[in-house]
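This report describes the fold of one chain, from its overall dimensions down to single residues. Please read it alongside the coordinates.

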Amino acid sequence: MDNPIAAVTALVSLAHSLFDFASKIKKDDISKDEFLLKVSEWNKQLLETQLVITDLINKNMALEQENRRLKEHESDPLIWRNAKYWKDGDDVPFCPVCYESPERYRHHMTPYSPTAGAITYTCGHCKRYS
Ligand SMILES: [Zn+2]
C-alpha cells in the first residue's frame with residue numbers, strides 16, 4: 001500500500017472497530033482472543049502506515065534537494081568557456097561531465113599539472129580531466 005490517505009483511513013477504521021470490540025468485551029459478547037486478533041491487525045496496519053509515511057518523507061527530502069539545485073541553476077547560471085563551466089567571477093571551473101549529467105551536479109574541479117606549464121583540472125567526483 002503506497003497511498004498515505006488509504007493507509008491512514010484503514011488505520012482509523014481499525015481504531016473504530018477496536019473501540020467497538022472493547023465495548024463488547026465489557027459485555028462478554030466477544031472473546032479475548034478475538035480482541036487480541038483485532039489489536040494485531042491494527043498493529044500491522046500501523047506498521048504499514050509508518051512505512052508509507054517514511055517513504056513520503058524520503059521522497060519529500062529528495063524533491064526538496066532537487067528543488068534547491070534547480071533554483072541554484074536558475075538564479076546562478078554557469079558560462080561555457082575552454083571546455084569547462086565557469087561561474088562569473090570564479091577562478092575555479094565546474095566539471096562539465098557532472099554538470100551535464102541528469103542530476104546537473106556542480107562540482108568544482110581541482111587544478112592538476114601533469115606537465116610544467118599546462119594546467120588542467122580534475123574532478124574529485126567523477127575523476128575526469130579537462
Ligand atoms: Zn565530475
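## Basis of the model

The structure is a predicted model, in which local features need pLDDT of at least 70 and side-chain atom pairs count only at pLDDT 80 or more, while totals for chains, interfaces and linings use all residues. Residues are numbered from 1 along each chain as its sequence is written.

## Overall shape and architecture

The secondary structure of the chain amounts to 3 helices and 4 strands, where helices (H or I, at least four residues) and strands (E, at least two) are DSSP runs numbered from the N terminus. Read from the N terminus, the order of the elements is α-α-β-β-α-β-β. An automatic or database domain assignment divides the chain into domain 1 (4–74) and domain 2 (77–123), and the C-alpha centres of domain 1 and domain 2 are 48 Å apart.

The C-alpha trace spans about 90 × 30 × 20 Å along its principal axes. The chain has a radius of gyration of 28 Å, whereas a compact globule of 130 residues would have one near 14 Å; the radius is taken over C-alpha atoms, and the globule rule is 2.2 Å times the number of residues to the power 0.38. Of the 130 residues, 7% count as buried, a residue being buried if 20 or more other C-beta atoms lie within 10 Å of its own, exposed if 12 or fewer, and partly exposed in between, with C-beta atoms placed from the backbone. Among contacts (C-beta atoms, placed from the backbone, within 7 Å) with a separation of 6 or more, 37% are between residues 24 or more positions apart.

The number of buried residues among the 44 of α2 is 0, so the helix lies largely in the open.

Glu66 is placed in helix α2 and is exposed, with 12 other C-beta atoms within 10 Å. Its C-alpha atom lies 8.2 Å from that of Glu103, although Glu66 and Glu103 are 37 residues apart in sequence. Ser23, in helix α1 (residues 4–26), counts as exposed with 11 C-beta neighbours inside 10 Å, and Ser23 and Thr110, 87 residues apart in sequence, are 71 Å apart from C-alpha to C-alpha.

Leaving aside neighbours within four places in sequence, Cys98 is in contact with Tyr105, His107, Cys123, His125 and Cys126.

## Residues with positive phi

Ala83, in the loop between β1 (79–81) and β2 (84–86), has a phi near 65 degrees, a positive value in a residue other than glycine. With 9 C-beta neighbours inside 10 Å, Ala83 counts as exposed.

Lys127, which lies in the segment after β4 (118–123), likewise has a positive phi near 65 degrees in a residue other than glycine. Lys127 is exposed, having 9 other C-beta atoms within 10 Å.

Note on methods: Contact = placed C-beta atoms within 7 Å.
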